[in-house]
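This briefing concerns the structure shown below. The points that follow are grouped by topic.

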Amino acid sequence: MHILAVLLCLAGAFFFLAGTAGLLRFPDSPSRLHALTKADNLGLGLIVLALVVTSSSLAVALKVILVWLLALAASTSICFLLGQSMLRQDQRQDQ
Amino acid sequence: MQTFYLGVAAFLLLTMVVGLIRIFRGPRQEDRLMAMQLFGTTGVAVLLLLAAAFDASSMRNAALIFAVLAVLAVAAYARGPNRREKEIK
């Protein structure tokens, strides 16, 4: 059981690294935004899965999953808001 | 198991430090907000790992609240000054 948790945690940490690398290396803002919101949610999801697998009680597992769902909702709304404000600024510069 | 969780948490903190470069260099405000949102999510992951390592349920509540804070900052930015400019025109 612990082996599974260790592997999941490593995969989650890898996706976090990928998200950060994407944030640094991608050329323009929208692609950075795309890479960022996808990668860190997947990383968080894998880490949450690892915690659920090794969690002692059911309540702990449910709470961790709740945190993950909230983080999902948070990052999608952020992605939308940032994309919208970027688009609006670009349109204003084109006028 | 506990030391492993702490190791992964330390690694995530390293990715946060690397993310600081984007905040420093980010040409546009949105890039800085993106990096801040990455810190939010990484912070949630670190808090959850520490909560699992030390069996501190209060830290899980902190992670829950932390996940919401990043949204508030970005919403304030998106709904803030540049929105009002549009209505003034």
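In this predicted model, the buried residues of α1(A) are A:Ala5, A:Leu8, A:Cys9, A:Gly12, A:Ala13, A:Phe16, A:Gly19, A:Thr20, A:Gly22, A:Leu23 and A:Leu24. The cover over these buried residues includes α2 (29-53) of chain A, and also α1 (2-25) and α2 (29-54) of chain B. An α-helix has 3.6 residues a turn, so residues three or four places apart point the same way.

**Helix α1 of chain A**

- Helix α1 of chain A covers residues 2-25 and has 24 residues.
- From the first C-alpha to the last, α1 of chain A reaches 34 Å, which is close to the 34 Å expected at 1.5 Å a residue.

**Interface between chain A and chain B**

- The size of an interface is often given as the accessible area lost when the parts come together.
- Between chain A and chain B, the buried area is about 4000 Å².
- Carbon and sulfur atoms give 72% of that buried area.
- Chain A brings 44 residues to the contact, and chain B brings 47 residues.
- One salt bridge is found across the interface of chain A and chain B.
- A salt bridge joins the side chains of B:Asp31 and A:Arg32, with 2.8 Å from N to O.
- Five residue pairs are in polar contact between chain A and chain B, counting pairs with both residues at pLDDT 80 or more.
- On the side of chain A that touches chain B, the elements that give two or more residues are α1, α2 and α3 (58-94) of chain A.
- Of that side of chain A, α3(A) supplies the largest share, at 20 residues.

**Aromatic pairs**

- Over all chains, a search of the whole structure finds two aromatic pairs.
- One of them is formed by A:Phe14 and A:Phe15, with 5.6 Å centre to centre and 65° between the planes, and this pair is edge-to-face.
- A:Phe14 is exposed because its relative accessible area of 52% lies over the 50% cut-off.
- A:Phe15 has a relative accessible area of 27% and is therefore partly exposed.
- The ring centres of B:Phe4 and B:Tyr5 lie 6.3 Å apart and the planes stand at 45°, so this pair is tilted.
- B:Tyr5 has 4% relative accessibility and therefore counts as buried, the cut-off being under 20%.

Methods:
Residues numbered from 1 in each chain as written. Chains lettered and ligands numbered in written order. Predicted model: local features only at pLDDT ≥ 70, side-chain atom pairs only at ≥ 80, totals over all residues. Heavy atoms only, no water. Phe/Tyr/Trp six-rings, centres within 6.5 Å; stacked < 30°, edge-to-face > 60°. Buried < 20%, exposed > 50% of the residue type's maximum accessible area, 1.4 Å probe, protein only. Helix = DSSP H or I, 4+ residues; strand = E, 2+ residues; numbered from the N terminus. Expected span 1.5 Å × (residues − 1). Contact = heavy atoms within 4.5 Å. Buried area = accessible area lost by both parts, 1.4 Å probe. Salt bridge = Lys/Arg side-chain N within 4 Å of Asp/Glu carboxyl O. Polar contact = N/O pair within 3.5 Å; in protein donor to acceptor, adjacent residues only side chain to side chain.
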